[in-house]
Amino acid sequence: MNRTMLALAGATLAISGAAAQAQDLAAGKAVFDKFNCASCHGADAKTAVDPAYPTLAGQHADYLAHALKAYQRGFTGGPATANVRKNPIMGGMAAPLSGQDITNVAAWLASLPSDLSVRR
């Protein structure tokens, strides 16, 4: 029983470590620049052109990734039960992003300082 628990714990750490290493912050900034996210969310990802647009800098990476995937599902006509976000602008912006693009841009945005960041 102890060996099984130890093996499961080791596997969990290995998987989480691999996921953390899969993030490329420079590639995330490149995605932000390539898709001109600054045109709405601001060059610093926290000074949006419209107060209704969310601050992205300092937001949790998993939340940002989840939101981008929900915009993709909404854009492709996913069923309402599939957690979709139906916004034509964000859907169109998120549609061409690969899973790696989403991981990278979410990690880069989460690394930026803002009022949403956890102070240490």
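Biologist: Why is Ala-82 called partly exposed?

Modeller: Ala-82 has a relative accessibility of 26%. A residue is buried under 20% relative accessible area, exposed over 50%, and partly exposed in between, with a 1.4 Å probe and protein chains only. The value of 26% lies in between, so Ala-82 counts as partly exposed.

Biologist: What kind of model is this, and how are its residues numbered?

Modeller: This is a predicted model, in which local features need pLDDT of at least 70 and side-chain atom pairs count only at pLDDT 80 or more, while totals for chains, interfaces and linings use all residues. Residues are numbered from 1 along each chain as its sequence is written, and side-chain values use heavy atoms, with hydrogens and water left out.

Biologist: Where does Ala-82 lie?

Modeller: Ala-82 is in the loop between α4 and α5 (88–94).

Biologist: What makes a stretch a helix, and how many helices does the protein chain have?

Modeller: Helices are DSSP runs of H or I with at least four residues, strands are runs of E with at least two, and both are numbered from the N terminus. The protein chain comes to six helices and zero strands, and its pattern along the sequence is α-α-α-α-α-α.

Biologist: Which residues of α2 and α6 meet?

Modeller: Contact means heavy atoms within 4.5 Å. On the α2 side are Leu-25, Ala-27, Gly-28, Lys-29, Val-31 and Phe-32, and on the α6 side Asp-101, Asn-104, Val-105, Ala-107, Trp-108, Leu-109 and Ser-111. By class, this contact has eight nonpolar, three polar and two charged residues. Ala, Val, Leu, Ile, Met, Phe, Trp, Tyr, Cys and Pro count as nonpolar, Asp, Glu, Lys and Arg as charged, and the others, Gly among them, as polar.

Biologist: How do you know that Leu-109 is buried?

Modeller: Leu-109, a residue of α6, has 5% relative accessibility and therefore counts as buried. Beyond residues up to four places away in sequence, Leu-109 touches several residues, including Phe-32, Ala-45, Leu-56 and Leu-64. The C-alpha atoms of Leu-109 and Leu-25 are 8.6 Å apart, across 84 residues of chain.

Biologist: What makes a set of residues a nonpolar core?

Modeller: The set consists of buried Ala, Val, Leu, Ile, Met, Phe, Trp, Tyr and Cys residues joined through side-chain atoms within 4.5 Å. The largest nonpolar core here has 19 residues, and Phe-32, Ala-45, Leu-68, Leu-97, Val-105, Leu-109 and Leu-112 have the most contacts inside it. At least two residues of this core come from each of α2, α4 (61–75) and α6. Val-105 touches Gly-28, Val-31, Phe-32 and Leu-68, leaving out residues up to four places away in sequence. In soluble globular proteins, nonpolar side chains tend to be buried together.

Biologist: Ala-43 and Ala-45 are both found in the loop between α3 and α4. Why is Ala-43 called exposed, and why is Ala-45 called buried?

Modeller: Ala-43 has a relative accessible area of 68%, so it is exposed. Ala-45 is at 0% relative accessibility, so Ala-45 counts as buried. Ala-43 still touches Phe-32 and Ala-38, not counting residues up to four places away in sequence.

Biologist: What is noted about the phi of Ala-45?

Modeller: Phi of Ala-45 is near 65 degrees, a positive value in a residue other than glycine. Asn-36, in the loop between α2 and α3 (38–41), also has a positive phi, near 55 degrees. Asn-36 has a relative accessible area of 44% and is therefore partly exposed.

Biologist: How much of the protein chain is buried?

Modeller: Of its 120 residues, 28% are buried.
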